[in-house]
Each structure stands twice: as C-alpha cells, then as structure tokens.
Amino acid sequence: VVDIRKFYANTGAFTYDPGFTSTASCQSKLTYIDGDEGVLLHRGYAIGELAEKSSFMEVAHLLLNGELPTKEELDTFTWTITRHTMVHEQLATFFRGFRRDAHPMAIMCGVVGALSAFYHDSTDIHDPQQRTIASHRLIAKMPTLAAMAFKYSLGQPFLYPDNSLSYTGNFLRMTFGVPAEPYEVNPIVEQAMDRIFILHADHEQNASTSTVRLAGSSGANPFACIAAGIACLWGPAHGGANEAALNMLREIGTPDRIPEFIARAKDKNDPFRLMGFGHRVYKNYDPRATVMQQTVREVLSALNVKDPVFDVALQLEEMALNDPYFVEKKLFPNVDFYSGVILSAIGFPTSMFTVLFALARTVGWVAQWNEMITDPDQKIGRPRQLYNGPTQRPYVPVGER
Ligand code: ACO
C-alpha cells in the first residue's frame, strides 16, 4: 500500500504556489517589471519612451532581436513582415465554415492554430531559419486574420492587404475599408493604434505568455503555441478586462453616479470591483495607463467624438485616487481603464478588443517562444501538484458498492 505522507516527506524541497505568484518558470532578457515603482522595460527601454518615440515595428524588432533597429534594419524588417501579410487563399474558405455570429476570438483560436496546416514548411522548431520564417509569418498575418474575423462578422467581403501602407495603416484599411472605395488612413488614429499595439506587445510571464511557453516546451510548432496563447488570453481576467471596464463606464453613465459605484467597490458584501483598477504586479500607477490617458484625448479630439464615458473615466480616476480605500490597497488605473474608450471611438465593437490585444501580444509571444527554444536550460514544463485526494483503497466490484 502506498504511503502518500511518506512520499511528500521524502520528496525533498517542494513548493506549493497556486497561481505561481512567487515561482519563476524561466529566465528572460525580454521584459522587466517593477510593480512597486510602476516600471516596465523592454530590453532595457522604458515603455513610455517606446510608446512616445518608436513604432510597433521597431518594438517588434527590439523584442525579437534584442536591439532597436538601425534605419536600414528597420526597412528590411518591415519589408520582410510586409511580404508575409497575405494568407493562403484556402484560409478564406476555412473562415466561411464559421457561423456569422461566432465570437471573433473563437475564430482566431481556430484559424491561427490552422496556420500550421497551411505553412508546414516552417514548423520544424529545430531549424533556426524555419523558426524565423514562422515568427515573421505570425506577426505579419495576425492583422490580416483579425480584419478577416471582423469583416466576416459583418458579412462584408475580405480586403487583401495593401503593402504600400504601414503595418498599422494596412490593418485599419483591411478592417474599416470597403473594396473598390478609397480608404484614407487617419494619421492620428494610425498613431494611436500603433501605440496601443506597443503597449500590449509584451508583459513578461503573464498567463497567456506562460501558456505559449508551456505549450512550446513540449516541442509543439509555433502556430499551435500561439493559438494556445490566444485561447488563454480570451478569459475575462486577462484579455477581456478592457471590455469590462468600458461596460462599467457606460453603466455609470454620468459623473453624478460615480460615488454610488465607488461605494459598491468598497463594500465587502458586494462582489463589484472597479474594472480597470488594480493589478497583480503594479502596486503603483501602471505606466501604460499614463500613455493611454493621453492617447484618448488625442483620438477623441481628432475624430471629434464627444464620448461622455471619457469624462466619467477621468472623474472616477480622480475620486478613486483620493479615496483612502484605493490609496491603502494601492489600486491604480491599469492599461485597460482607458483602452476601451479609444478602441470604441475608433469604431471597434467590444468583441474585437481582445482580438486587438492578441494581435499585438503575438510579438511578445513569438519573442518569448524563440527565447525559450534557444535556452540551453529549457525543459518540458511539468508543474508538480500537492495531492489531497484519498489514500490507496481496495477496489470494490460494482455490485458490492
Ligand atoms: N476594486 C475594488 N477593490 C479591489 C479592486 C478593484 N478593482 N482590486 C482589488 N481590490 C481589493 C480586493 O477586494 C482586496 O481587498 P481585501 O484585501 O480587503 O480583500 C485587495 O484589493 C487585493 O485584491 P486582490 O484581488 O487580492 O489583488 P490581486 O493583485 O490578486 O488582483 C486584479 C489584481 C485581479 C487585477 C484586481 O485588482 C481586479 O480584480 N481588478 C479589476 C479587474 C481588472 O481591471 N483586471 C485587469 C488587469 S490588467 C490586465 O490583465 C491587462
């Protein structure tokens, strides 16, 4: 008979860490977060500076290759990504198998996973060249697939990529353009969208990135791993929070109702929380929220949108930051607090919010996957468990139970 207690007594060092709050699963050179100080660095560069001064393509190069590109390197990288924006024509047929009312994230889980069936010439994870091609393909095709998911939900025809446009401009045209009609990319919207992509590009070992690494640790191909990341991101506690924050701001509706919602958030008998407030890691202002707040102003003014939710958001933030409950618990606005307001002003329905997050995070997922594959210490991920079920007992035949 197995003595379970003896097994744990003899098993040596053993940690039980639900949610992995204090266990590092890997080493990484990509992203550094100091939650107490509100610091986020990619390869040593502060997120605020990257969002203000660089482009999503520069950040993608930085995360993938370790350095900001020279002008020539950036041109080559952008050209390479642009070359891969088309998707296999058969994928359009694959799309048509989904119901029109399918959630775009359900479609993304399916089509990104299916890329390994269309591009099996870049699934050999031991070949560095194939890894690079797969990485470029994923980054390049995500905007095309995301726009196709949007168009499909509207019943509108797909638009082929226009490779004369920027990465982000091309995505906006494929999403909001109509075939045979010219589409002018609004430079303020293009810059805001690019900035949102930068802010979501990577965030060290969050749930979806850990999922990508865990899936990849078994040797699964990169397309399958990114599909696993997309599935994880879909959850409301992860990628779905900006949708919840926007819904909450709309529910509040007018500034005079803010005190009622703050009181509810503080009431221990009410499960309600201020959505877009608080963060597992940041116990100070989320540096991404600062950039977002500034970007909302620019977008609303450029598009001449007067959305009352922005005033509600600003006043809610001010009241909460002066309330002892939020001060003592170190609850500050996170990146999701303002992003929904911007995306809605640009014209995205809430069901697309997580898709946009997935598009941007693909850069981080791919960079993390590459780092893991080339790490000499890399092992198959296999967390332990603390068994608390029954001890060994004899089998009783079914008629005697
Ligand atoms: N509103 C009111 N009270 C809150 C909030 C909030 N948004 N967030 C935390 N608290 C309180 C909790 O009730 C708890 O109080 P207690 O100590 O009296 O029990 C305390 O602050 C600590 O909360 P935890 O849930 O233990 O903190 P944790 O770090 O695990 O949670 C989380 C972080 C999940 C983000 C939480 O702050 C939250 O639910 N926020 C709202 C949802 C949200 O905005 N999520 C987006 C995260 S960002 C991202 O995923 C990209």
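This is a predicted model: local features need pLDDT of at least 70, side-chain atom pairs count only at pLDDT 80 or more; totals for chains, interfaces and linings use all residues.
**View 1. Helix α8 meeting helix α9.** A packed pair of helices is described by two things, the angle between the axes and the distance between them. Here α8 covers residues 167-176 and α9 covers residues 187-199; their axes come within 9 Å and cross at roughly 110°. Since angles of 65 to 115 degrees count as roughly perpendicular, that makes α8 roughly perpendicular to α9.

**View 2. Who touches whom between α8 and α9.** On the α8 side, the contact is made by T168, G169 and L172. Helix α9 brings V189, E190, M193, D194 and F197. Split by class, this contact of α8 with α9 has four nonpolar residues, plus two polar and two charged ones.

**View 3. Stepping back to the protein chain.** The secondary structure comes to 18 helices and three strands. With a radius of gyration of 23 Å, close to the 21 Å that the globule rule gives for 401 residues, the chain is as compact as a globular protein of that length. Its C-alpha trace spans about 75 × 55 × 50 Å along the principal axes. Buried residues make up 42% of the 401. As for contacts between residues at least 6 apart in sequence, 76% join residues at least 24 apart.

Key:
Residues are numbered from 1 along each chain as its sequence is written. Axes are lines fitted to C-alpha atoms, for helices over the stretch in contact, and angles run from 0 to 180 degrees between N-to-C directions. Helices (H or I, at least four residues) and strands (E, at least two) are DSSP runs, numbered from the N terminus. Angles under 35 degrees count as roughly parallel, over 145 as roughly antiparallel, 65 to 115 as roughly perpendicular and the rest as oblique. Two residues are in contact if their C-beta atoms, placed from the backbone, lie within 7 Å. Ala, Val, Leu, Ile, Met, Phe, Trp, Tyr, Cys and Pro count as nonpolar, Asp, Glu, Lys and Arg as charged, and the others, Gly among them, as polar. The radius of gyration is taken over C-alpha atoms; the globule rule is 2.2 Å times the number of residues to the power 0.38. A residue is buried if 20 or more other C-beta atoms lie within 10 Å of its own, exposed if 12 or fewer, and partly exposed in between; C-beta atoms are placed from the backbone.
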